[in-house]
Amino acid sequence: MRLYGIGRALVDFFPQWENPSERQTFENILLQLYSQNQGRPLHIEERDFDRILKRFSDTGNCTFLQEVGGTCTNILKTVTHLISDTAHEADESSIHTFFTGTVGGSSVPPRPNFLGKRPDTAAIPETLSDTTTEALSTERKTLYRDPLALFFQKELGLYGIQSVLRMEQGSTGRCLVVPAIKVSTPAPATKVSTPVPERDATPTATAWIAAVSPGVSPSITREQIVLQELQSADCCVIEGMQLGNPALDALLQEEVLQKEKYLAIACGTPWGAKAAAHFIQQYCIGTRAQKYKLMVFCNDAEGRTMEEAGINFFRLTENPMWLFVVTHDCGGSSVYFNRRHYYQEAVTPTKQIVDSTGAGDVFAGTCLACWAHNIATSEPLTASHITNALREASYKASLILQYPLCQTSFL
């Protein structure tokens, strides 16, 4: 199977203290700010993010675990890991993944003061990646990738994911995930479409995304797409927030949907869900769309956003090539397919839950890995394919909850 991913390039930070009691002051500050922001991650400037990291590292002997992140990246990491393991056992090579995103660059070479698990990458004053397209390289030869861009691309390569990363003046996006704070999460509103069985209130995680530094513009343009890779792909995975650019949307319709390849939309945020709903209404509904192949992955909040925007999961799945996957946090997961609703209870982790970062992405990636043969050969999905994928995805998501950040090597 060949996958082409389009999404935001992010690096996730997870602080680790030698003495856990020394972290309480800064946790309390972030928790207060988090509450004042109505339970949403703080969007802060790059320099403010740097100050937070420095204060953490200067107090309590704190170090940072880092991991490449972002919805699309996590999905590609999961699919590549799961299929590569299976292919290795069968002495085959059956997965090719490619990613397009945007990272930060500067006209000044990076300084070797990088906070992270691989600080050696900071001192490499490279200009452009070998994989950067010629059209982009001519106008950015004076830019150096920032340390996080170096880290991001190197890590993608270690995961077996090829990439074209466009550089823009600015910094690469970052997320700070703070461990060991119990945040009371309000009960979700009514589940989308079909209710699911009630479950006991169980903490979903003891870590949360406290702050985000968005970095350079995450939006991908049509010019950034490597057309040859997209045309050879069996499936294109795109974050919902990348939709809404008319030129890129039209390209997806022309090169993916109209050529009867799968388009997998991972909503990622309520805003991404709204963009996905608009894209479906504008490009995927009508007589010409009867042969389109579409998968949508979302959580409850994102699913409600799509329904409020006019997307009816049951009605749209009259098209047997369409499906909607909805995760219900600790309440399990659902698939709407062929005008039926399939439900799977959540798998309880065998160890303590550490961090929920990327759990939904691992769920989506596992589903794609389970359906790899169908995606690559256009063999129709069946009810057994759906139920088997839900069980396996629930199990893999339970594993990733037991480790900090989205480290797919633990799958």
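## Overall picture

Among contacts in the protein between residues at least 6 apart in sequence, 81% join residues at least 24 apart, where a contact means heavy atoms within 4.5 Å. This is a predicted model, in which local features need pLDDT of at least 70 and side-chain atom pairs count only at pLDDT 80 or more, while totals for chains, interfaces and linings use all residues. Residues are numbered from 1 along each chain as its sequence is written, and side-chain values use heavy atoms, with hydrogens and water left out.

The protein has 13 helices and 15 strands. Both are DSSP runs numbered from the N terminus: helices are H or I with at least four residues, and strands are E with at least two. Of the 411 residues, 55% count as buried. Here buried means under 20% relative accessible area, exposed means over 50%, and partly exposed is in between (1.4 Å probe, protein chains only).

## Strand β1 and its two partners

Strand β1 (residues 2-6) is mostly covered, with 4 of its 5 residues buried. β1 pairs with β5 in the parallel sense over 5 bridges, and 4 bridges join β1 to strand β10 (residues 235-239), also in parallel. Two strands pair if DSSP finds at least two bridges between them. Isoleucine 6 has threonine 100 as its bridge partner in β5, and tyrosine 4 has cysteine 236 as its bridge partner in β10.

Threonine 100 lies in strand β5 (residues 96-106) and is buried, with a relative accessible area of 0%. Its side chain makes a polar contact of 2.6 Å with the side chain of tyrosine 4. A polar contact is a pair of N or O atoms within 3.5 Å; within protein, one must be able to donate a hydrogen and the other to accept it, and residues adjacent in sequence count only if both atoms are side-chain atoms. Leaving aside neighbours within four places in sequence, threonine 100 is in contact with Tyr4, Gly5, Ile6, Gly7, Val164, Ile220 and Gln224.

β2 and β4 run antiparallel and are joined by 8 bridges; valine 11 stands opposite valine 68 in β4. β4 is mostly covered, as 7 of its 8 residues are buried.

How many aromatic pairs does a search of the whole structure find? The search finds 9. Rings of Phe, Tyr and Trp (its six-membered ring) pair if their centres lie within 6.5 Å; planes under 30 degrees apart count as stacked, over 60 as edge-to-face and the rest as tilted. Phenylalanine 13 and phenylalanine 64 form an edge-to-face pair, 6.0 Å centre to centre with 75 degrees between the planes. Phenylalanine 13 lies in strand β2 (residues 10-17) and phenylalanine 64 in strand β4 (residues 62-69), so the pair ties together parts that are 51 residues apart in sequence. Phenylalanine 13 is buried at 1% relative accessibility, and phenylalanine 64 is buried at 6%. Elsewhere, ring pairs link Phe313, Phe314, Phe324 and Tyr336 into a cluster.

## The largest nonpolar core

The largest nonpolar core has 114 residues, of which Leu263, Ile280, Met295, Met306, Phe324 and Trp371 touch the most other members. Such a core is a set of buried Ala, Val, Leu, Ile, Met, Phe, Trp, Tyr and Cys residues joined through side-chain atoms within 4.5 Å. Not counting residues up to four places away in sequence, tryptophan 371 touches Met295, Phe297, Leu323, Val325, Leu381, His385, Ile386 and Ala389.

Leucine 381, one of those contacts, lies in the loop between α12 (372-377) and α13 (383-400). Is leucine 381 buried or exposed? At 11% relative accessibility, leucine 381 counts as buried. Beyond its neighbours within four places in sequence, leucine 381 is in contact with Tyr262, Met295, Leu323, Phe337, Trp371, Asn374 and Ile386.

## A buried serine in a loop

Serine 171 sits in the loop between β7 (161-169) and β8 (173-179), and is buried with a relative accessible area of 9%. The side chains of serine 171 and glutamate 46 are joined by a polar contact of 3.4 Å.

The whole structure has 0 disulfides, a disulfide being a pair of cysteine sulfur atoms within 2.5 Å. The sulfur of cysteine 235 is 7.0 Å from the closest cysteine sulfur, in cysteine 236, too far for a bond. Cysteine 367 is in no disulfide either, with the nearest cysteine sulfur, that of cysteine 370, 6.5 Å away. Cysteine 235 is buried at 1% relative accessibility, and cysteine 367 is buried at 0%.
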